[in-house]
Amino acid sequence: MQTWSSAQVPVVPGRGPELRLYDTADRQVRPVAAGAKASMYVCGITPYDATHLGHAATYLAFDLVYRQWLDLGHDVHYVQNVTDVDDPLLARAERDGIDWRVLGDREVALFREDMAALRVLPPREYVGATEAIAEVVELVEKMLASGAAYVLDGDHPDVYYRADATPQFGYESGYDRETMLRLSEERGGDPHRPGKSDELDALLWRAARPGEPSWPSPFGAGRPGWHVECAAIALSRIGTGPDIQGGGADLIFPHHEFTAAHAECVRVERRFARHYVHAGMIGWDGHKMSKSRGNLVLVSKLREQGVEPSAIRLGLLSGHYRADRFWSPQVLDDANARLHRWRSAAALPAGPDATDVIARLRQYLADDLNTPKALAALDGWAADALQYGGHDTAAPKLVATAIDALLGVDL
């Protein structure tokens with residue numbers, strides 16, 4: 001699948017501390033132990049509607065990870081999927097009287113435009129579920145052969161994964177069984193389906209139904225379940241366990257828990273990813289922003305209204321990536337004001353020395369992407385520059401370069 005164009009990332013002199021991130025499975029902030037090649041798998045969109053600010057906040061968080069790794073000299077192998085065949089997409093296509101492929105292609109194209117406008121660095125590999133059918137089939141075959149999966153008896157011989165196929169199942173989320181069952185039902189699972197060995201067992205392969213797209217397989221025509229597509233794409237593209245598996249906090253369970261379990265049961269490994277990283281939810285008008293609720297603030301609509309993408313970026317970065325937070329007109333006004341101040345300071349012929357503020361910018365971002373502190377440090381430098389000036393003629397350009405490279409904001 002075609003990715004989007006990449007913004008140029010300038011090089012900033014010097015080097016910051018190694019990145020530390022909160023790990024969902026370990027419940028603590030700890031070092032991200034990436035080697036010369038750093039790998040990251042982030043779950044992409046199901047393209048049945050336009051990109052909203054909740055999506056944007058998630059991909060901005062992992063864009064910051066990407067940028068910190070580049071600043072540290074890592075070769076970054078970033079993979080992202082697109083769930084381009086799934087129940088929500090098919091239902092929306094049927095509702096709107098449009099071919100599901102056409103709908104998916106249209107929304108993926110808009111997503112790419114939004115990401116490019118926001119200067120989100122593209123993944124090295126951008127893979128649709130429909131492009132990974134062979135890998136999914138191979139993975140399901142392995143799970144059936146090992147006993148980690150079974151075929152459900154009945155008119156629709158769907159394939160299910162046994163939740164107890166790995167003894168460590170549940171370590172990523174840390175949820176109890178009652179919470180898992182509730183979230184499974186809320187987030188696309190079918191815990192009450194008759195015939196399953198366990199209510200928690202997850203769908204791997206949905207047997208063909210009339211009017212639905214399907215692909216051939218040794219266990220019957222059908223299409224992938226949600227979680228297995230990510231496991232198959234991550235294993236086939238990255239090869240070994242990624243340094244980071246990431247996405248929004250609403251993916252912790254069931255999606256990321258089962259994605260990890262699918263990979264672990266065939267690789268006979270205790271842990272799929274070295275770090276599990278999740279971004280908080282963005283709310284609007286008192287509720288989490290979601291397609292089902294319809295309270296969406298769309299990136300494309302903000303752009304159509306003339307809102308500058310750099311201001312959208314700064315508005316989302318004003319809160320910590322792990323925090324659930326609300327978007328509002330005030331957040332956008334504050335972001336626009338900040339952008340104007342920074343640009344005014346960066347346009348000065350000279351300013352205060354840049355060494356300390358760039359060091360603090362790197363330090364705060366390395367500490368679990370602490371953007372509120374990073375932005376405050378830059379606010380302080382800009383305020384001093386605008387009020388007192390300075391004697392360092394290289395400082396304004398150097399600070400602007402660091403803001404571009406590390407925060408992705410173009411001054």
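Modeller: Rings of Phe, Tyr and Trp (its six-membered ring) pair if their centres lie within 6.5 Å; planes under 30 degrees apart count as stacked, over 60 as edge-to-face and the rest as tilted. Tyr161, Phe169, Tyr175, Phe253 and Phe258 form one aromatic cluster. This is a predicted model, where local features need pLDDT of at least 70 and side-chain atom pairs count only at pLDDT 80 or more, while totals for chains, interfaces and linings use all residues. Residues are numbered from 1 along each chain as its sequence is written, and side-chain values use heavy atoms, with hydrogens and water left out.

Colleague: How many aromatic pairs does the structure hold?

Modeller: Twelve.

Colleague: What makes Tyr66 and Tyr78 an edge-to-face pair?

Modeller: Their centres are 5.8 Å apart, with 90° between the planes. Tyr66 sits in helix H1 (residues 53-71) and Tyr78 in strand E4 (residues 75-82), twelve residues apart. Helices (H or I, at least four residues) and strands (E, at least two) are DSSP runs, numbered from the N terminus.

Colleague: Why is the pair of Tyr150 and Tyr160 called stacked?

Modeller: The planes are 25° apart and the centres 6.2 Å apart. Stacked means under 30 degrees, so the pair qualifies. Tyr150 lies in strand E6 (residues 149-151), and Tyr160 in strand E7 (residues 159-161).

Colleague: How do you know that Tyr150 is buried?

Modeller: Buried means under 20% relative accessible area, exposed over 50%, partly exposed in between (1.4 Å probe, protein chains only). Tyr150 has 9%, so Tyr150 is buried. Tyr160 has 0% and is buried too.

Colleague: What puts Arg270 over the ring of Tyr171?

Modeller: The rule asks for NZ of Lys or CZ of Arg within 6 Å of the ring centre and within 35 degrees of the ring normal. The charged end of Arg270 is 4.5 Å from the centre of the Tyr171 ring. Arg322 lies over the face of Tyr22, at 4.3 Å from the ring centre.

Colleague: Why are H11 and H12 called roughly antiparallel?

Modeller: Helix H11 (residues 355-366) and helix H12 (residues 371-388) cross at roughly 170°, and their axes come within 8 Å. Axes are lines fitted to C-alpha atoms, for helices over the stretch in contact, and angles run from 0 to 180 degrees between N-to-C directions. Angles under 35 degrees count as roughly parallel, over 145 as roughly antiparallel, 65 to 115 as roughly perpendicular and the rest as oblique. H11 and H12 are therefore roughly antiparallel.
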